[in-house]
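Trainee: I am new to this structure. Please take me through the terms used for it.
Mentor: Here it is; ask as you go.

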Amino acid sequence: MATANKTCSLGQKIYRFGFGVSRAIALLIILCGCSATDFNPEAIAWKTYSNSRYGFEFPYPSNWTSLPAPENDDGIGFISPQNNSVEIRGWASQQLPNSIDKDPESGKKIKSNFQTAQGISGVLVVEVAQQVGSMTLTLTHNQVKYYWQGRSNSQEFPKYYRLFYYIAQHYRFQSLEH
């Protein structure tokens with residue numbers, strides 16, 4: 001499937017749209033994602049998920065339900081109480097030293113396009129397909145690859161975009177705290 005990339009100046013996010021997505025939906029997502037101002041993080045009660053195995057944490061709305069954690073304790077997922085197809089997930093995995101900063105398909109070095117509030121550089125990719133929209137943050141630190149992802153159906157993705165972006169911004173490494 002061919003993709004077209006569109007970079008939005010707000011937060012230097014990368015958008016990939018499959019040609020199967022209608023232009024109207026794609027335009028709506030860009031406009032809502034780059035200019036929506038109705039998201040107010042102070043109006044949300046937050047909790048923090050902390051992963052002791054890999055030393056990362058991220059905020060999540062306190063009324064979201066946690067999914068069963070994997071036995072290896074590499075991360076967790078949460079679903080929205082309003083719509084169980086809306087989910088956020090965070091996880092990590094050990095990586096081989098020479099594969100950490102390279103695209104597995106092309107072998108080229110991956111350029112950072114995002115920085116968390118803690119100052120960690122990473123890659124933030126927003127993908128909107130016909131059925132599902134997602135925002136995926138990928139970070140590397142000390143030979144570990146860290147991931148955070150927010151997902152929803154494509155039609156509702158603009159509604160959750162700011163929430164997902166806020167959580168990605170506040171993803172933290174516990175070992176870097178002062």
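Mentor: Two strands pair if DSSP finds at least two bridges between them. In this predicted model, Gly75 has Trp91 of β7 as its bridge partner.

Trainee: What makes strand β6 and strand β7 a pair?
Mentor: Five bridges join β6, residues 75-79, to β7, residues 87-94. The cut-off is at least two bridges, so the two strands count as paired. They run antiparallel.

Trainee: How do you know that β7 also pairs with β11?
Mentor: Eight bridges join β7 to β11, residues 144-153. At least two are required, so these strands pair as well, and they too run antiparallel. One of the bridges has Val144 in β11 as the partner of Gln94.

Trainee: Why is the pair Phe58 and Tyr171 called stacked?
Mentor: By the rule for rings, the count comes to 20 aromatic pairs. The ring centres of Phe58 and Tyr171 are 6.4 Å apart, within the 6.5 Å limit, and their planes meet at 5°, under 30 degrees, so the pair is stacked.

Trainee: What makes this pair a tie between parts apart in sequence?
Mentor: Phe58 lies in strand β4, and Tyr171 in the loop between α2 (157-169) and β12 (172-173), so the pair ties together parts that are 113 residues apart in sequence.

Trainee: Why does Phe58 count as buried, and what about Tyr171?
Mentor: Buried means under 20% relative accessible area. Phe58 has 0%, so Phe58 is buried. Tyr171 has 1%, so Tyr171 is buried too.

Trainee: Why is the pair Phe157 and Phe164 called tilted?
Mentor: The centres are 6.0 Å apart and the planes are at 50°. Phe157 and Phe164 are both buried.

Trainee: Which residues form one aromatic cluster?
Mentor: The cluster consists of Tyr49, Phe56, Phe58, Tyr60, Phe78, Tyr146, Tyr171 and Phe173.

Trainee: How do you know whether Thr116 is buried or exposed?
Mentor: Thr116 has a relative accessible area of 4%, under the 20% cut-off, so Thr116 is buried. Thr116 is found in the loop between β8 (114-115) and β9 (121-128). Leaving aside neighbours within four places in sequence, Thr116 is in contact with Leu137, Leu139, Ala168, Gln169 and Tyr171.

Trainee: Where is confidence lowest, and where is it highest?
Mentor: Strand β2, residues 13-18, is lowest at a mean pLDDT of 38, and strand β4, residues 56-61, is highest at 97. Over residues 1-31 pLDDT stays under 50. The protein averages 79, and 70% of the residues score at least 70.

Conventions
Residues numbered from 1 in each chain as written. Predicted model: local features only at pLDDT ≥ 70, side-chain atom pairs only at ≥ 80, totals over all residues. Heavy atoms only, no water. Helix = DSSP H or I, 4+ residues; strand = E, 2+ residues; numbered from the N terminus. pLDDT = per-residue confidence, 0-100. Contact = heavy atoms within 4.5 Å. Phe/Tyr/Trp six-rings, centres within 6.5 Å; stacked < 30°, edge-to-face > 60°. Buried < 20%, exposed > 50% of the residue type's maximum accessible area, 1.4 Å probe, protein only.
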